[in-house]
Amino acid sequence: MKDEGTNWIIEILSLIHCKGDNTWVQSTPIWERFPWIETETGRHLLCTKEENGPRFCTSHLPIQFFPKSYFHSKAKIIYVMRNPRDVVVSLYHFSKVLKLLEPTDNFSKMLEMFSQGNVIYGCWFDHICGWLSLRENDNFLILTYEELLHDMRRNVDKICHFLGTKLKEEEIDLVIKNASFSVMKDNKMSNHSILPDYIMDHSQGSIMRKGISGDWKNHFTVAQSEAFDNLFQERMTELDQRLFPWDQC
């Protein structure tokens, strides 16, 4: 789940858990609400969390590096995909802000690295193919960034059904309102603005950029777009293309 709407789905899930009430999302940093299992801080938070209520966690890990205990449990996973062209753009801008990543001022270079799988968490195509092998499992839900943008209410309903959570219509209204891009962008507990400067270079912008789909059209040349289309078809040919609805949304 590399730059594919992870923060957004965390916000949505946080609000579903609280029936739309925004107290938790306005008072607790997003990385504490859903700790990252691949970080030392995240593992510590998960290990020290009290065993009352559901346990939430987040990860970008490829399936082969994910904790094996999950595959023998009843834990549920929500896997968020996004048009890989927009993922490249997001990663390009994110690399300038997050100091843990090697920045590049050349989008063509970032696109080349992404296409070759030489980016954090490895190859996007392998990541997708690996996790989608679980798509028939009852405890695995696939969402796309584009479908969330297109019809958030329908997808909130889908998530609630998957989790076995029942919300009233007015509670769903609150989830949708409080998980909107404009509200998240102004929420310091969700926009990462409280991260220290040695982690995030705030002078380079915010991780909350536009909250749209299709920004890749402002970055790709025609030749780059055609080449990437060919690469996508080559790598994803064995998967049902209906799994990737971003061009229809």
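**A tour of the model, stop by stop**

Select Arg153 and Asp173. They form a salt bridge, with the closest N and O atoms 2.2 Å apart. (A salt bridge is a side-chain nitrogen of Lys or Arg within 4 Å of a carboxyl oxygen of Asp or Glu.) The pair links distant parts of the chain: Arg153 sits in helix α9 and Asp173 in helix α10, 20 residues apart. Helices here are DSSP runs (H or I, at least four residues), as are strands (E, at least two), numbered from the N terminus.

This is a predicted model, so take note: local features need pLDDT of at least 70, side-chain atom pairs count only at pLDDT 80 or more, and totals for chains, interfaces and linings use all residues. Residues are numbered from 1 along each chain as its sequence is written, and side-chain values use heavy atoms, with hydrogens and water left out.

Salt bridges that share partners join Arg153, Glu169 and Asp173 into one network. Is Asp173 buried, exposed or partly exposed? At 39% relative accessibility, Asp173 counts as partly exposed. (Buried means under 20% relative accessible area, exposed over 50%, partly exposed in between, with a 1.4 Å probe and protein chains only.)

Next, select Arg33 and Glu11. They form another salt bridge, with the closest N and O atoms 3.1 Å apart. Arg33 is in helix α3 (residues 30-33) and Glu11 in helix α1 (residues 6-17). Arg33 is buried, at 3%, and Glu11 is buried, at 1%. The structure holds six salt bridges.

Move to His192, in the loop between α11 (181-185) and α12. His192 is buried, at 12% relative accessibility. Its side chain reaches the backbone oxygen of Ser190 at 3.4 Å. Among the residues His192 touches are Asn7, Trp31 and His202. (Contact means heavy atoms within 4.5 Å.)

Now show Trp124 and Phe244. They have the most contacts inside the largest nonpolar core, which has 43 residues. (Such a core is a set of buried Ala, Val, Leu, Ile, Met, Phe, Trp, Tyr and Cys residues joined through side-chain atoms within 4.5 Å.) Colour α5: the largest share of this core, six residues, comes from there. A second, separate core of 27 residues includes Ile12 and Met184.

Conventions. A polar contact is a pair of N or O atoms within 3.5 Å; within protein, one must be able to donate a hydrogen and the other to accept it, and residues adjacent in sequence count only if both atoms are side-chain atoms. Lists of a residue's contacts leave out its neighbours within four places in sequence.
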